[in-house]
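Hi everyone, thanks for making time for this.

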Amino acid sequence: MKARVHVMLKDGVLDPQGEAVRHALGSLGFDGVEKVRQGKVIELDVADGTTEDTVREMCEKLLANTVIESYQIEMS
Amino acid sequence: MRAAVVVFPGSNCDRDLAVAFRDAGCQVDMVWHKDTALPDNVDIVGIPGGFSFGDYLRCGAIAANSPICSEVKAHAERGGFVLGICNGFQILTETGLLPGALLRNAGLKYICRTVPLIVGTNDSVYTSGYTVGQEIGVPIAHHDGNYTASDEVAAQLAAEDRIAFRYADNPNGATADIAGILSENRRVLGMMPHPERAADEKHGGTDGKALFSGIASALAAA
């Protein structure tokens, strides 16, 4: 089974990379992009029966830095 | 006085840090990240700059979970001294020994130059050789040195006189111009600038030297 973890900078934490992407889109002529936030997706192949709680523990311990990042878990 | 310098895959300031400790009169042991113990009777642990584990995932995140880091944490929790420079600072925030986090520089560029710092406090072994408000020149070399903390944490650091160094001219967007902070017991220092690169005449500057001599004289007297 797979677990997919989305890690994003928390709201309110400045995202200079997202801001640079927004500027680049503007200069390519894409108007109206008001905000870009850049995050990452981490895909895990995990043993059957792995619980979301276990993946949450992985996020808390390593995959996300909860001082600045939030995360969402999708199990499939 | 005994110092240990931790080496991770990708550390590149470990030997410079060892030289700076040695020049200040310390006996220095290098410790590999897979080691599970620090040398006996270590007074201070140095976490060097570099790109531990290639900065994968987040700068310092993987190093912070390496076997030696549990020992470094235990050492700090026993009241031991820990100095983290650049990637070492990032690692210390990832371990939770210091609050906040280091984000990508606001200008998105890697910055490598000597910058002016203002000494924020001289109430620590690291800064006792300076005067409060003194301006010193110390090199920075980082892409992710933008110190970020919540307003409450930043206010607490200021109120508790734990901001060791501030940038005179903020190069990276750091909250409250913070370049280096102390732990609550003032024995753990994390800083983005590299004092070990300003500790010998041949470096082109010696403003970082007082940090190492301050540690050595404080710990020799202890």
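Let's start with a definition: a residue is buried if 20 or more other C-beta atoms lie within 10 Å of its own, exposed if 12 or fewer do, and partly exposed in between, with the C-beta atoms placed from the backbone. Also, keep in mind that this is a predicted model, where local features need pLDDT of at least 70 and side-chain atom pairs count only at pLDDT 80 or more, while totals for chains, interfaces and linings use all residues. Residues are numbered from 1 along each chain as its sequence is written, and chains are lettered from A and ligands numbered from 1 in the order in which they are written.

Okay, chain B. There are five helices and eleven strands in chain B; helices here are DSSP runs of H or I with at least four residues, strands are runs of E with at least two, and both are numbered from the N terminus. The radius of gyration of chain B is 15 Å, close to the 17 Å that the globule rule gives for 222 residues, so chain B is as compact as a globular protein of that length. That radius is taken over C-alpha atoms, and the rule is 2.2 Å times the number of residues to the power 0.38. Of those 222 residues, 55% count as buried.

Now zoom in on helix α2 of chain B, residues 67-77. Which residues of this helix are buried? They are B:Ile68, B:Cys69, B:Glu71, B:Val72, B:His75 and B:Ala76. Looking down the axis of α2(B), the buried residues fall within an arc of 155 degrees, so they line one face of the helix. The arc is that of the directions from the helix axis to the C-beta atoms. After α2(B) comes B:Gly79, with a positive phi near 95 degrees.

Next, the core. A nonpolar core is a set of buried Ala, Val, Leu, Ile, Met, Phe, Trp, Tyr and Cys residues joined through C-beta atoms within 7 Å. The largest one has 77 residues, and B:Val5, B:Val6, B:Phe21 and B:Val82 touch the most other members. Leaving out residues up to four places away in sequence, B:Phe21 touches B:Ala3, B:Cys26, B:Val28, B:Gly46 and B:Phe212; contact means C-beta atoms, placed from the backbone, within 7 Å.

One more spot in chain B: B:Cys13 sits in the loop between β1 and α1. With 22 C-beta neighbours inside 10 Å, B:Cys13 counts as buried. B:Cys13 and B:Cys86 are 73 residues apart along the chain, and their C-alpha atoms are separated by 9.3 Å.

Then there's chain A, with the pattern β-α-β-α-β along the sequence. A compact globule of 76 residues would have a radius of gyration near 11 Å, but chain A has 16 Å. Of its 76 residues, 13% count as buried.

Finally, where the chains meet: the contact takes nine residues from chain A and eleven residues from chain B. Helix α1 of chain A, residues 16-27, gives the most to chain A's side, with three residues.

Conventions:
Contact = placed C-beta atoms within 7 Å.
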